[in-house]
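Welcome to a short tour of a protein model. Have the sequence and the 3D view ready, and look up each residue as you meet it.

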Amino acid sequence: MKSLINKNIILGVTGGIAAYKSAEIVRHLKKSGSSVRVVMTSSAEEFITPLTLQALSGNRVSTDLLDAESEAAMGHIELAKWADAILIAPATANTLARLSSGRGDDLLSTVSLAFDGPISIAPAMNQAMWKDNRTQENLENLQKKGFKICGPGSGEQACGDVGLGRMLEPLEILELFSSSFDQGNLSERSILITAGPTQEPIDPVRFITNRSSGKMGYSLAEAAIEAGAKVTLISGPVNLEPPPNCNFVSIETAKEMHEAVMHHVKSKDVYIGTAAVADYRPVTFHESKIKKDTDKSSLTLQLQENQDILKSVSELNERPYLVGFAAETDNLLSNAKKKLKNKRLDLIVANDVSNKEIGFDSNENEVTLITNAEEKVLEKQNKKKISKKIIDFISSELT
Ligand code: C5P
């Protein structure tokens with residue numbers, strides 16, 4: 001199945017026995033990173049409760065066109081504007097007829113009229129109703145208008161008949177539905193990203209670390225997945241959920257990160273090092289907790305340099321397109337340019353961390369992209385948007 005990460009999906013549920021399977025569709029959509037809003041017809045409510053779909057989608061289920069509360073919150077126009085795609089599963093013969101004739105007398109039909117993106121439909125009905133000329137005419141008309149028809153399948157039906165008309169299984173539907181999205185400009189590409197801090201243990205209860213929330217690396221991973229790339233994310237300890245559909249590797253120390261990177265970097269097209277790797281680690285690890293010595297007012301820790309992971313990757317014979325981050329408090333651009341050269345990078349993302357409104361824990365960032373050929377400022381905006389622009393820039397460099 002193609003990635004559905006960060007997509008806004010309306011799932012329309014209509015009144016067929018297969019409506020119980022819509023719960024599983026919601027679960028799969030959520031798992032693949034989509035936001036889901038369910039719109040039910042009144043007859044669908046006879047087969048599955050809105051409460052079930054609300055609990056699974058995490059959003060209020062909309063049922064009535066003229067529901068004052070729903071109009072105030074997410075009315076048909078807002079729903080249509082919010083959505084990237086609509087999936088109607090199951091779609092009854094009645095729904096096909098109503099969509100085909102452009103009716104707008106309930107919420108689902110009205111949202112479908114107001115929406116100008118891709119609509120996919122998974123028909124589900126008795127085999128005789130499916131075969132009926134009028135259903136087939138409606139179907140042809142919908143196909144001509146650009147609706148994508150997923151199924152139906154063939155087999156034994158709830159009513160005991162055998163033939164065409166069964167709704168496809170949820171994963172079969174999602175396979176077809178997800179193909180209605182653009183492949184993305186990084187499909188066929190594999191990307192390795194490091195994120196978060198590393199922790200260098202001093203004793204069982206203490207460690208040295210760097211300030212890093214991991215937000216930039218995680219949102220770059222999401223943007224790369226959204227653009228169709230296969231992503232491996234190697235992360236130090238952070239309070240973030242790994243994005244769905246990525247190969248996630250969790251590490252603690254710089255040494256573990258170095259080993260994981262060297263293992264996973266083979267045959268990758270791009271390496272992005274956003275991790276705030278600790279430059280030094282304690283020479284000795286104390287097996288038991290270091291006790292406070294009341295006679296001494298200071299304690300000396302001897303540190304030893306960690307390997308530079310980016311540099312190790314840049315020294316490989318077959319190296320990927322290499323992206324580093326320069327988090328600087330002074331002389332941002334000149335320090336970043338030095339790193340670009342010394343670490344033999346293709347691109348460095350320069351980030352002024354002395355400004356409290358951007359970088360570190362903030363959801364916003366402002367960065368300058370520097371290559372050997374150009375410099376490009378990405379003005380202050382949220383990390384999601386910045387990530388998308390960085391990924392677009394990398395993809396333009398690859399072609
Ligand atoms: O040299 P400095 O730590 O400022 O460089 C930052 C860049 O180098 C970041 O992309 C960071 O992920 C990477 N780095 C690394 N290994 C280290 C230190 C930094 O890969 N040991």
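Let us start with Phe 181, which is buried at a relative accessible area of 12%. Here buried means under 20% relative accessible area, exposed means over 50%, and partly exposed is in between, using a 1.4 Å probe and protein chains only. Phe 177 is buried too, with a value of 0%.

Before going on, a word on the source: this is a predicted model, so local features need pLDDT of at least 70 and side-chain atom pairs count only at pLDDT 80 or more, while totals for chains, interfaces and linings use all residues. Residues are numbered from 1 along each chain as its sequence is written, and side-chain values use heavy atoms, with hydrogens and water left out.

## Aromatic pairs

How many aromatic pairs does a search of the whole structure find? The search gives 2. Rings of Phe, Tyr and Trp (its six-membered ring) pair if their centres lie within 6.5 Å; planes under 30 degrees apart count as stacked, over 60 as edge-to-face and the rest as tilted. Phe 177 and Phe 181 make an edge-to-face pair, with 5.8 Å from centre to centre and 80° between the planes.

Tyr 218 and Phe 248 also pair edge-to-face, at 6.4 Å centre to centre and 65° between the planes. Tyr 218 belongs to helix α10 (residues 215-226) and Phe 248 to strand β12 (residues 247-250), so this pair ties together parts that are 30 residues apart in sequence. Helices (H or I, at least four residues) and strands (E, at least two) are DSSP runs, numbered from the N terminus. Tyr 218 is buried at 5% relative accessible area, whereas Phe 248 is partly exposed at 32%.

Helix α10 also holds Ser 219, which counts as buried at 11% relative accessibility. Ser 219 and Ile 386 are 167 residues apart in sequence, and their C-alpha atoms are 8.9 Å apart in space.

## Salt bridges

The whole structure has 14 salt bridges, each a side-chain nitrogen of Lys or Arg within 4 Å of a carboxyl oxygen of Asp or Glu. In one of them, the closest N and O atoms of Lys 21 and Glu 169 are 3.0 Å apart. Lys 21 sits in the loop between β1 (8-13) and α1 (22-31) and Glu 169 in the loop between β7 (162-166) and α9 (170-178), so the pair ties together parts 148 residues apart in sequence. Lys 21 is buried at 13%, while Glu 169 is partly exposed at 33%.

Arg 98 and Asp 106 form another salt bridge, at 3.4 Å from N to O, and both residues are buried. Asp 203 and Arg 206 meet at 2.5 Å, N to O. Salt bridges that share partners join Arg 98, Arg 103, Asp 105 and Asp 106 into one network.

## Around the ligand

Which residues are around the ligand? Among them are Gly 273, Asp 279, Leu 310, Phe 325, Lys 339 and Lys 343; to count, a residue needs a heavy atom within 4 Å.

A polar side-chain atom of Lys 339 lies 2.3 Å from a ligand oxygen atom, and one of Lys 343 lies 2.9 Å from a ligand oxygen atom. Such a polar contact is a pair of N or O atoms within 3.5 Å; within protein, one must be able to donate a hydrogen and the other to accept it, and residues adjacent in sequence count only if both atoms are side-chain atoms.
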